[in-house]
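Reader: I'd like to learn how to read a few features of a structure, one at a time. Could you show it to me first?

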Amino acid sequence: MLLKLEGVTKRFGGLVAVNSVDLEVEEGEKLGVVGPNGSGKTTLYNLISGVYMPDEGRIFFEGKEITNLPPYDRTKLGIARTFQIPRPFGSATVRENVAIGAMFGMANAGVDEALEMADDMLKLVGIYDLKDKEAKLLTPLEKKLMELARALAMKPKLLLLDELLAGMNPANINEILELLDRVKKEENIAVIAMVEHLMHAITKFAERVVVMHQGMKLIEGPTMEVLNDPKVIEVYLGEKLNVG
Ligand SMILES: Nc1ncnc2c1ncn2[C@@H]1O[C@H](COP(=O)(O)OP(=O)(O)O)[C@@H](O)[C@H]1O
Ligand SMILES: [Mg+2]
């Protein structure tokens, strides 16, 4: 078991953003986490990556308790994430932004090595030609690819992708899904988990899906089974899901 959450709860004032969630993630698993806006997906990620400490419950990574470990230490253990809204170091170059990942992640690289790793990751995600550009000049899509390269440069065991695909067109989405497959093979990253509303992408990407609803885990199981479950269709406001 790579990651384990036991009864994890996070409150913001009176609001229970994540409500007693149990979750287990195996090494190498491709897990999809879906749910309507406000259902607690990003908060769940923040709890796993250490941005927030839970009010209740415990979190384990490779059997070691990390419930109250700061984000920096979790990064060192191999937990990397992308942000729903990327916040790059704007005046640094793309290459420098990605190298920072290599220096602070599991890779723990020195500067020269980190810059080399940055180049490799930029090639992998397909934006190597932008390496000397200031990060703030990138398009939103390019920023997301840079975020992905930065997270990969950390050499994570668990990669948390928060709405990486949101706002992308179908061609870009397919490209990224193929890229993630390639990354999983080439970089031997144990786990890629992912938060998306995009059902098409989820069916392509995930072997297993967890559906969040009002901070709770509504249902989990094999992707197609879960997405065709009447409870899940109801949560998405009766919307008929096109999962074909
Ligand atoms: N820092 C915060 N302070 C107060 N409320 C928050 C904070 N972060 C999230 N929330 C609330 O927690 C709930 C879950 O939010 P979030 O985890 O962002 O959901 P999702 O990512 O599924 O859209 C929402 O009601 C949101 O308004
Ligand atoms: Mg979110």
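Reader: Thanks! What covers the buried residues of helix 3?

Author: First, the ground rules: this is a predicted model, in which local features need pLDDT of at least 70, side-chain atom pairs count only at pLDDT 80 or more, and totals for chains, interfaces and linings use all residues. Residues are numbered from 1 along each chain as its sequence is written, while chains are lettered from A and ligands numbered from 1 in the order in which they are written. Helices (H or I, at least four residues) and strands (E, at least two) are DSSP runs, numbered from the N terminus. A residue is buried if 20 or more other C-beta atoms lie within 10 Å of its own, exposed if 12 or fewer, and partly exposed in between, with C-beta atoms placed from the backbone. Two residues are in contact if their C-beta atoms, placed in that way, lie within 7 Å. Now your case: the cover over the buried residues of helix 3 includes helix 4 (111-125) and helix 5. In helix 3 (residues 94-104), the buried residues are Val 94, Arg 95, Asn 97, Val 98, Ala 99, Gly 101 and Ala 102.

Reader: Which residues does Ala 118 touch?

Author: Leaving out residues up to four places away in sequence, Ala 118 touches Arg 95, Val 98, Ala 99, Ala 102 and Ala 153.

Reader: And which residues have the most contacts inside the largest nonpolar core?

Author: A nonpolar core is a set of buried Ala, Val, Leu, Ile, Met, Phe, Trp, Tyr and Cys residues joined through C-beta atoms within 7 Å. The largest one here has 66 residues, and Val 98, Ala 118, Met 121, Ala 149 and Ala 153 have the most contacts inside it. Helix 5 (residues 140-153) gives the largest share of this core, seven residues. At least three residues of the core come from each of domain 1 (1-78 + 156-244) and domain 2 (86-155).

Reader: How many residues does each domain bring to the contact?

Author: Domain bounds come from an automatic or database domain assignment. The centres of domain 1 and domain 2, taken over C-alpha atoms, are separated by 23 Å. Twelve residues from domain 1 and 13 residues from domain 2 take part in the contact. On the side of domain 1 that touches domain 2, helix 2 and helix 6 (170-186) each supply at least two residues, and helix 6 gives the most, with three residues.

Reader: Why does Leu 77 count as partly exposed?

Author: Leu 77 counts as partly exposed because it has 17 C-beta neighbours inside 10 Å. Leu 77 sits in helix 2 (residues 71-77) and touches Phe 61 and Ile 66, not counting residues up to four places away in sequence. Its C-alpha atom is 8.2 Å from that of Gly 105, 28 residues apart along the chain.

Reader: Where does the largest share of the shell around ligand 1 come from?

Author: A residue is near a molecule if its C-beta atom, placed from the backbone, lies within 6 Å of it. Around ligand 1, these residues include Phe 12, Asn 37, Lys 41 and Thr 42. Helix 1 gives the largest share of the shell, three residues.

Reader: How many helices and strands does the protein have?

Author: The protein has nine helices and ten strands. Of its 244 residues, 44% count as buried.
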